[in-house]
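Me: I am new to this structure. Please take me through some of its strands and helices, one question at a time.

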Amino acid sequence: MSVKNLRAEVISIGDEMTSGARLDTNAQWLSRRLGELGIEVEFHTTVGDTLQHNIDVFRIAARRADVVVATGGLGPTRDDLTRQAIAAAAEVPLEFRASAFEHIEKLFSKRNREMPERNKIQAMFPVGSEQVFNPQGTAPGIDLEIISPDHRCRVFALPGVPAEMVRMFDDTVAPRLLSMTGGQANHIEHHVMKFFGIGESDMEQRLGEMIARDRTPRVGITVSAATISLRITAIDSSRQACLDQIESTRHEILSRVGELHFGDGEEFEQFHAVDRQLRERGESLVTAEFGRAALLGDWFASLGETPGYRGGVSFADIDALTELLLAGQDQPLETLRERFKASWLLAVDGYPSLEGTSDAPLPAAEVDLIVIDPSGKRSVTTSRIGGHPSIIQARIAKAALAWLRHVLNEQTDSAIS
């Protein structure tokens, strides 16, 4: 069976999901990953911590999907019932696995803790199932094929803890899914590229056929607070073959939208790129933010000790910078740069107040983004920025970082020429 013909169902388990107390990000992540493997997700199911309800959900899913990936319910407490539900749906008993038990004991020993008796339940597996190794926690996953007279379904159960689930899926579940093709393409590699300065629809238009679902390697596009991520997924017979696919695709992407690219990596953001660029130049930055936000300061502070960032100040009065920057009166910002002993200053004038706003997008408003370079030269751009209240502050801060990168790159290009 070709992997592209496989149909999948994602099951999220837990009262915290059905009650709305927790946002189900696992299902979103799994659906994206399965899609990258060419497996179409046709159903999402969410179920609480009731055994019979769980049994019913797994029975239904096993009849209508080729692959089921479930998260949650593998802990040691009495409301963790996934292993029992899968066993009942497959009509097999649970059995003890010594290898899983030894791993759980070792984890508790490393943490200098005594293992509670209840944790032994995590070493119980449906008969006929395989273990999905969990290198980070005490909840191993389950891999079991449920066979009926006219259908076969591969069921994977993973912990609900996102970090553990992600690692287990990438390390174990994805390769096992690839092996279901019966072919030689049994290795998978991912590479994430980050971009800022364009909308999703414009990015899709410029990439064209590169984001087609049947392209090899696959290029997926996601957007978060105006940052665009392109995820390249290569599937081939070896790691090197995958890396070759990724490198070729990466160069093609850069040829189309390279001026918007600021770095690579799942967690890499513009402030990482700026910090790296400043450190490479032996220079540093101070930030000044006006209005009801201070995202630049927060982001750079999250880097910890770095010679690229000297610190930042925030002014709640959104009109204060305008007064400071009356014709020829830019000395206060220059003084600020000198006081912090920073090479560069980046200022935002200013973030709008979100007090009293609804869920409606805010109209575009003019925001001044100011850069002062080591010589004291001031570069200002005025951007019209609007958007949903939940992302507008981040969009402004990211636009400021993009403006700083532009000025930095211009200066570098001038020095080279």
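Reply: Two strands pair if DSSP finds at least two bridges between them. Helices (H or I, at least four residues) and strands (E, at least two) are DSSP runs, numbered from the N terminus. This is a predicted model, where local features need pLDDT of at least 70, side-chain atom pairs count only at pLDDT 80 or more, and totals for chains, interfaces and linings use all residues. Residues are numbered from 1 along each chain as its sequence is written, and side-chain values use heavy atoms, with hydrogens and water left out.

Me: In S17, which residue is the bridge partner of isoleucine 370?

Reply: Strand S16 covers residues 362–372 and strand S17 covers residues 378–387. They pair in the antiparallel sense over nine bridges. In S17, the partner of isoleucine 370 is valine 380.

Me: Which glycine in the turn between S16 and S17 has a positive phi?

Reply: S16 and S17 form a hairpin, with five residues between them. The phi in question is about 95 degrees, and the residue is glycine 376.

Me: Which strands stand at the edges of the open sheet?

Reply: The sheet has five strands in the order S14-S13-S15-S16-S17, with mixed pairing. Each edge strand has a single partner strand, so one side of each is left without a neighbour in the sheet. The edge strands are S14 (309–315) and S17.

Me: Which residue in S16 is the bridge partner of aspartate 349?

Reply: Strand S15 (residues 344–351) and S16 pair in the antiparallel sense over five bridges. In S16, the partner of aspartate 349 is aspartate 368.

Me: Is threonine 287 buried or exposed?

Reply: Threonine 287 lies in strand S13 (residues 285–291). Buried means under 20% relative accessible area, exposed over 50%, partly exposed in between (1.4 Å probe, protein chains only). Threonine 287 has 0% relative accessibility, so the residue counts as buried.

Me: With which side chain does the side chain of threonine 287 make a polar contact?

Reply: A polar contact is a pair of N or O atoms within 3.5 Å; within protein, one must be able to donate a hydrogen and the other to accept it, and residues adjacent in sequence count only if both atoms are side-chain atoms. Here the distance is 3.1 Å, and the partner is tyrosine 309.

Me: Which residues in H8 do Met203, Arg206 and Leu207 in H7 meet?

Reply: Contact means heavy atoms within 4.5 Å. Helix H7 has residues 200–207 and helix H8 has residues 239–257. The H7 residues meet Ile253, Arg256 and Val257.

Methods
Axes fitted to C-alpha atoms, helices over the stretch in contact; angles between N-to-C directions.
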